[in-house]
Amino acid sequence: MQSQPSPADAPEDMDLRGRIFTDLDRLAFALEMEAAEHLEHGRAAEYQRAQERRLGVRLAQRLVSGVPADEVNARMERWEGGYDRRLGVVA
């Protein structure tokens, strides 16, 4: 199974991708609720950190679902060569 979905994905791959997407959605919801608690208690810095984590989870959701997004795909493309060099991948 590739990280990006394709029309040729096997049903079990599509099911797994759906479960991962849902798990990430639950995590984003939990982080949103934590952020709201921080805001209620006047903890602005903690609120901001929780929101940033939540947005990171949403980016992961886009990657798993294959929804193209510059904030995901453009970043990955920009640093792809550096990542490959780090792993010793020869192009």
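Biologist: How far apart are the mean positions of the positive and negative charges in the protein chain?

Modeller: For this count, Lys and Arg are positive and Asp and Glu negative, while His and the chain ends are left out. Each charge is placed at NZ of Lys, CZ of Arg, CG of Asp or CD of Glu. Here there are 13 positive and 17 negative charges, and their mean positions lie 5 Å apart. Please keep in mind that this is a predicted model, where local features need pLDDT of at least 70, side-chain atom pairs count only at pLDDT 80 or more, and totals for chains, interfaces and linings use all residues. Residues are numbered from 1 along each chain as its sequence is written, and side-chain values use heavy atoms, without hydrogens and water.

Biologist: Which pattern does the protein chain follow along the sequence?

Modeller: Helices (H or I, at least four residues) and strands (E, at least two) are DSSP runs, numbered from the N terminus. This chain reads α-α-α, with 3 helices and 0 strands.

Biologist: What radius of gyration does the protein chain have?

Modeller: The radius is taken over C-alpha atoms, and the globule rule is 2.2 Å times the number of residues to the power 0.38. The chain has 17 Å, whereas a compact globule of 91 residues would be near 12 Å. Its C-alpha atoms fill a box of roughly 50 × 35 × 20 Å along the principal axes.

Biologist: Is His38 buried or exposed?

Modeller: Buried means under 20% relative accessible area, exposed over 50%, and partly exposed in between (1.4 Å probe, protein chains only). His38 belongs to helix H1 and is buried, because its relative accessible area is 17%. Thr22 also has its place in helix H1, but Thr22 counts as partly exposed because its value is 36%. Across the chain, buried residues make up 16% of the 91 residues.

Biologist: Which residues does His38 contact, leaving aside neighbours within four places in sequence?

Modeller: Contact means heavy atoms within 4.5 Å. On that basis His38 is in contact with Arg43, Glu46, Tyr47 and Ala50.

Biologist: Which residues form the largest nonpolar core?

Modeller: Such a core is a set of buried Ala, Val, Leu, Ile, Met, Phe, Trp, Tyr and Cys residues joined through side-chain atoms within 4.5 Å. The largest one here has 5 residues: Leu24, Ala28, Leu31, Val57 and Val64. Helix H1 (11–40) and helix H2 (44–65) each give two or more residues to this core, and the largest share, 3 residues, comes from H1. Not counting residues up to four places away in sequence, Val57 touches Leu24, Leu27, Ala28 and Leu31.
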